[in-house]
Amino acid sequence: SHNVYLDAQLVAEALFNDHMAANIVLLGAAYQAGTIPISAEAIEQAIRLNGVAVEMNLLAFRWGRLAVVDPRRVDLEILRATRRAQPSVPSPGPGVRELIDSVGADGELRRLLEVRVPDLVEYQDLAYARRYVEFVRRAPGRTAIVEAVARYLYKLMAYKDEYEVARLHLDPSVRADLEARFGPDARIYWHLQPPLLRALGLQRKIKLGPWFRPVFRLLRAMRRLRGTPLDIFGQTQVRRLERQLIDEYKGLVERALEKLDGSNYDVVLAIACLPDEIRGYEAIKLAGVERFRQRAAELMARLDAGS
């Protein structure tokens with residue numbers, strides 16, 4: 001027997017533009033690796049009977065199988081899909097350009113900032129992006145640490161709340177992609193289960209049709225209320241935690257950078273990369289936060305012990 005290594009989330013997002021396909025990709029890989037003692041026909045019939053995203057899940061199962069049989073072909077298809085979906089980065093405005101230039105970065109760090117700073121402006125506003133840049137500037141330049149801070153502070157600051165979901169759904173590139181796949185007359189529906197409604201007892205997703213698009217526009221316009229007393233979505237456990245994690249991560253990085261020397265570079269880099277432990281939504285995200293905090297305690301103890 002041999003191990004099979006597969007980034008199922010990458011396959012799902014590249015080939016289906018939907019992270020929900022990742023589990024079925026893994027199922028296909030596990031079947032092809034011989035670890036599931038039932039037939040492929042039975043698995044595909046179960047997918048059909050389930051009735052949820054049938055075509056996508058059938059394809060995800062088959063791509064998972066192919067990833068074991070011919071991983072190079074899967075890698076090539078991911079590369080093609082990534083190139084097709086690569087967004088064009090608009091030229092930043094003067095205020096954004098000054099923010100990016102203030103870091104004095106080049107190479108990979110410059111590329112990271114040129115994507116993330118404009119996106120944080122759209123996510124909330126220029127002041128929010130400035131908070132991000134000012135912290136990135138504190139990390140030592142031209143190192144993997146500063147690149148990690150640029151990646152993972154952005155990840156924490158750009159958490160997917162109701163305002164951001166609305167903004168992303170209204171992105172013209174999303175509409176263009178759907179029309180390319182299904183034609184210009186395709187009707188679009190959204191299946192959503194906002195945390196606020198779940199906290200009020202709603203236990204299932206609700207189906208929303210084209211009539212909901214003006215509500216998305218309103219939510220997008222309200223994004224600058226994020227984190228203020230007028231933020232109607234910001235009082236749930238997850239939203240409060242997401243805001244708290246930003247300062248928690250900054251505090252960890254600041255403490256680690258104070259102790260940085262030639263003997264503990266790898267430990268400080270691991271601390272800068274800690275948000276990689278946090279994935280998914282709701283319960284999955286909360287479990288990731290627990291791992292984040294446990295790992296942070298271990299790494300900081302190593303720093304304090306001088307190892």
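Q: Is Val149 buried or exposed?

A: Keep in mind that this is a predicted model. A residue counts as buried under 20% relative accessible area. Val149 has 0% relative accessibility, so Val149 counts as buried. Val149 lies in helix H9.

Q: Which residues is Val149 in contact with, leaving aside neighbours within four places in sequence?

A: Contact here means heavy atoms within 4.5 Å. By that rule Val149 is in contact with Phe135, Val136, Ala139, Tyr154, Tyr249, Val253 and Ala272. For a sense of distance, the C-alpha atoms of Val149 and Arg73 are separated by 33 Å, with the two residues 76 apart along the chain.

Q: Which residues of the largest nonpolar core touch the most other members?

A: A nonpolar core joins buried nonpolar residues through side-chain atoms within 4.5 Å. The largest one has 51 residues, and those touching the most other members are Leu113, Val117, Tyr132, Val149, Tyr249 and Ile271. Helices H6 (94-101), H7 (107-123), H8 (126-136), H9, H14, H15 and H16 each supply at least two residues of this core. H9 gives the largest share, ten residues. Another core lies apart from it and has 23 residues, including Leu15, Tyr31, Phe61 and Trp63.

Q: What does Tyr132 touch, not counting residues up to four places away in sequence?

A: The list for Tyr132 is Leu113, Arg116, Val117, Leu120, Ala150, Leu153, Tyr154 and Met157.

Q: Which residues of helix H15 are buried?

A: The general idea comes from helix geometry. An α-helix has 3.6 residues a turn, so residues three or four places apart point the same way. In H15 (residues 265-272) the buried residues are Val267, Val268, Ile271 and Ala272. They cover an arc of only 145° around the axis, which puts them on the same side of H15.

Q: Which helices do the buried residues of H15 pack against?

A: They pack against helix H9 (144-157), helix H14 (237-258) and helix H16 (282-304).

Q: How many aromatic pairs are there?

A: Two rings pair if their centres lie within 6.5 Å, and planes over 60 degrees apart count as edge-to-face. By this rule the count comes to six aromatic pairs. The rings of Trp211 and Phe212 have centres 5.4 Å apart and planes at 90°, so this pair is edge-to-face. The rings of Phe212 and Phe216 also make an edge-to-face pair, because their centres are 5.0 Å apart and their planes are at 85°. Elsewhere, Tyr123, Tyr128 and Tyr159 form one aromatic cluster.

Q: Is Trp211 buried or exposed?

A: Trp211 counts as exposed, at 55% relative accessibility. Phe212, with a relative accessible area of 13%, is buried. Phe216 is buried as well.

Q: Which residues is His191 in contact with, leaving aside neighbours within four places in sequence?

A: His191 is found in strand E1 (residues 190-192), and its contacts are Lys205, Ile206 and Lys207. The C-alpha atoms of His191 and Arg204, 13 residues apart along the chain, are separated by 9.4 Å. At 48% relative accessibility, His191 counts as partly exposed.

Methods. Residues numbered from 1 in each chain as written. Predicted model: local features only at pLDDT ≥ 70, side-chain atom pairs only at ≥ 80, totals over all residues. Heavy atoms only, no water. Phe/Tyr/Trp six-rings, centres within 6.5 Å; stacked < 30°, edge-to-face > 60°. Buried < 20%, exposed > 50% of the residue type's maximum accessible area, 1.4 Å probe, protein only. Helix = DSSP H or I, 4+ residues; strand = E, 2+ residues; numbered from the N terminus. Arc of directions from axis to C-beta.
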